[in-house]
Amino acid sequence: MSGTDLEQRLLAANLRIEHGNAERAAGADQKAIAIAEEAERRGRGGPKSLAAELGVSEKTISQAIARARRATTPHRQLPVDTLDRLFAVEVSTVPPLPAVEWQRLAHLVRGIFFDAVWVEAQPGPLLAGEVEEAAQDDGFDARPLTGLLRNLSRTQALAVIDACQSGDLAALPTT
């Protein structure tokens with residue numbers, strides 16, 4: 001493994017960790033806001049009754065209310081699982097391929113560093129180029145896979161990449 005490849009993989013892992021931490025913090029803020037709003041809706045004695053109902057201490061409710069006051073307005077209004085749901089819908093619209101082709105693509109995808117360029121450009125043709133390079137090295141017929149990849153929409157291609165990265169090949173349509 002080259003130093004550059006390792007650096008790219010580590011950067012991708014750190015970005016994923018940062019994203020997870022940001023989502024976790026946003027979830028905690030969302031939970032705190034819900035608790036604070038419910039405590040306020042209940043009026044006097046609301047925090048105490050809410051603590052009893054949730055089976056937590058009044059201090060926990062107090063901390064949630066304090067966190068809610070500090071929480072920034074959520075930048076996202078969509079549900080947290082929106083991207084996953086979008087990808088699931090998009091994958092279902094991808095033309096089918098033999099399972100062996102999806103497995104080949106998944107193996108290749110695991111070795112690619114994906115950055116913002118893949119989102120801003122056309123990921124389908126970029127991925128097709130990677131498949132063509134691999135075909136030259138490994139001597140397989142890349143045409144079925146590259147033909148499909150070149151015709152995918154940006155979102156379909158990203159959904160395929162996500163399925164390959166996560167190992168969810170069962171989500172990809174097969175013939």
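Mentor: Start with two residues, Phe114 and Trp118. Both are buried. That puts each of them under 20% relative accessible area. Keep in mind that this is a predicted model.

Now look at how the rings sit. The count of aromatic pairs comes to one. Phe114 and Trp118 form that pair, and the arrangement is edge-to-face. Their ring centres lie 4.6 Å apart. The angle between the planes is 65°. Edge-to-face needs an angle over 60 degrees, so the 65° of Phe114 and Trp118 qualifies.

Step back to the burial of the whole chain. Of its 175 residues, 30% are buried. Phe114 and Trp118 are both buried residues. The accessible surface of the protein chain is about 11500 Å². Carbon and sulfur atoms hold 53% of that surface.

Next, the fold. The protein chain has nine helices and zero strands. Read from the N terminus, the order is α-α-α-α-α-α-α-α-α. The radius of gyration is 23 Å, well over the 16 Å that the globule rule gives for 175 residues, so the protein chain is more spread out than a compact globule. The C-alpha trace spans about 75 × 40 × 25 Å along its principal axes.

Contacts come next. Take those with a separation of 6 or more: 66% of them join residues 24 or more positions apart.

Last, charge. The protein chain carries 19 positive and 24 negative charges. Their mean positions are 12 Å apart.

Notes: Residues are numbered from 1 along each chain as its sequence is written. This is a predicted model: local features need pLDDT of at least 70, side-chain atom pairs count only at pLDDT 80 or more; totals for chains, interfaces and linings use all residues. Side-chain values use heavy atoms; hydrogens and water are left out. Helices (H or I, at least four residues) and strands (E, at least two) are DSSP runs, numbered from the N terminus. The radius of gyration is taken over C-alpha atoms; the globule rule is 2.2 Å times the number of residues to the power 0.38. Buried means under 20% relative accessible area, exposed over 50%, partly exposed in between (1.4 Å probe, protein chains only). Contact means heavy atoms within 4.5 Å. Accessible areas come from the Shrake-Rupley method with a 1.4 Å probe; for residues, only the protein chains shown count as cover. Lys and Arg count as positive and Asp and Glu as negative; His and the chain ends are not counted. The place of a charge is taken as NZ of Lys, CZ of Arg, CG of Asp or CD of Glu. Rings of Phe, Tyr and Trp (its six-membered ring) pair if their centres lie within 6.5 Å; planes under 30 degrees apart count as stacked, over 60 as edge-to-face and the rest as tilted.
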